[in-house]
Amino acid sequence: MPALIKLDKLNWAVGDKRILKDISLELEKGELLAIIGPNGAGKTSLLNCLLNQQKNVTGSVNFKGKNISSYTPRQRAKSFALVAQKTAPVFNLSVFDIVRMGLLPHKTLFSLDNDFDKHQIELALEKVGLSDKVHDAFTTLSGGEQQRVLIARALVQKAEVLILDEPTNHLDVYYQHQILALVKSLNITVVMTVHDLNLAAQYCRRLLLLDQGQVIADGAPEKVLTSQLLTQVFRLDCQQELDAVTGKTRVYFHLPTHSQTTGEASR
Ligand SMILES: Nc1ncnc2c1ncn2[C@@H]1O[C@H](COP(=O)(O)OP(=O)(O)OP(=O)(O)O)[C@@H](O)[C@H]1O
C-alpha cells in the first residue's frame, strides 16, 4: 500500500538556522505516530511543515502521492484537522460555536446548520466529556477544558489526518488518558507531539524521536525509548523497563550522579 503521507529529505531553515534537517518518513493510513523529543527539537516545526505552513522548505511532503502544496487551502482543511498549542483569540464564542467551526470546510457560504450538524457537535462534545458546557463561553473554561473543546472541533471536521500539538498539555491525568484513548479509538491517521514519553509509549505503536531537528530514532517504543538514546538526547540517566500492568515500555529518568553531587544539571 502506498504511503498516505511521505516526507522526503525535508529541510527547513530560518536565515542560517537549520531547524529541520533531512527528515524522511512514511506514514500509512490509520497509523498513530507520536513525535517526541526535548524542547526546541523541532516537533512543532515538523507539524507545521506537514501542513504546508512554512516557507523556505526544501525536500517534499506528499499526501496521497501529490505534493501538499498542490492542494488548495480548502482541500487541506478537509483532509487535515489541527489542534494547535496556541489558539487564536475567540472573543465571546460559545463552546458550541467553536466546535461548529469544524464543519466549515464542508459548508458553502450560505448553507445552514441542520439537525445532523447539531447532532455531530453534541456527539463530539460528549466524547470529550463536555456536554454540560455546550452553552458556556469558551474563554471561561479551564485550559484543559479548552483543549478538549478543540479536540471536539477536530472530531466534527472528520478529517483524514488529525494533527495534534501537545494534546495532553494542561490535562489532568484522567483526561490525558481519556483523550489519548479517544484519539487511538478513532482509527484515523494521527500525528501528534507528546512530551510524556510513557504516555506516548502506552498509546502509540510508533514513536519518532527528534533532537536538534534530526530524526534520532523511528519505530516501536521499545526500540526508540532506549536508555542509551534517551540519555544522549535528554542528558539524564535513564532506565527502560516493562510496565507490570500494561506490559508497555516505560522509562525512568534521574540526574546523572555527577550532577547530583555537584548540584547542577549538565544542560
Ligand atoms: N518561525 C521561527 N523563526 C525562527 N526560529 C524558529 C521559528 N519557529 C521555530 N523556531 C526555532 O526552531 C526550533 C524548534 O522549535 P519547535 O517549536 O519546533 O520545537 P519543539 O520541539 O516543538 O519544542 P517544544 O517542546 O518546546 O514545544 C527552536 O529553536 C525554535 O526557536
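**Helix packing and nonpolar cores**

Helices here are DSSP runs of H or I with at least four residues, numbered from the N terminus. The model is predicted: local features need pLDDT of at least 70, side-chain atom pairs count only at pLDDT 80 or more, and totals for chains, interfaces and linings use all residues. Residues are numbered from 1 along each chain as its sequence is written, and side-chain values use heavy atoms, without hydrogens and water.

Helix α1 spans residues 43–50. Seven of its eight residues are buried, so α1 is largely enclosed by the rest of the structure. Buried means under 20% relative accessible area (1.4 Å probe, protein chains only). The buried residues are Lys43, Ser45, Leu46, Leu47, Asn48, Cys49 and Leu50.

The axes of α4 (residues 115–127) and α5 (residues 143–157) come within 9 Å and cross at roughly 135 degrees. Axes are lines fitted to C-alpha atoms over the stretch in contact, with angles from 0 to 180 degrees between N-to-C directions. Gln120, Ile121, Ala124, Leu125 and Lys127 of α4 meet Ala152, Leu155 and Val156 of α5, with contact meaning heavy atoms within 4.5 Å.

The largest nonpolar core has 55 residues. Such a core joins buried Ala, Val, Leu, Ile, Met, Phe, Trp, Tyr and Cys residues through side-chain atoms within 4.5 Å. Leu125, Val128 and Leu225 have the most contacts inside it. Helix α5 gives the most to this core, with seven residues. A second, separate core of 28 residues includes Leu20, Ile35, Leu50 and Leu51.

Key:
Helices (H or I, at least four residues) and strands (E, at least two) are DSSP runs, numbered from the N terminus. Buried means under 20% relative accessible area, exposed over 50%, partly exposed in between (1.4 Å probe, protein chains only).
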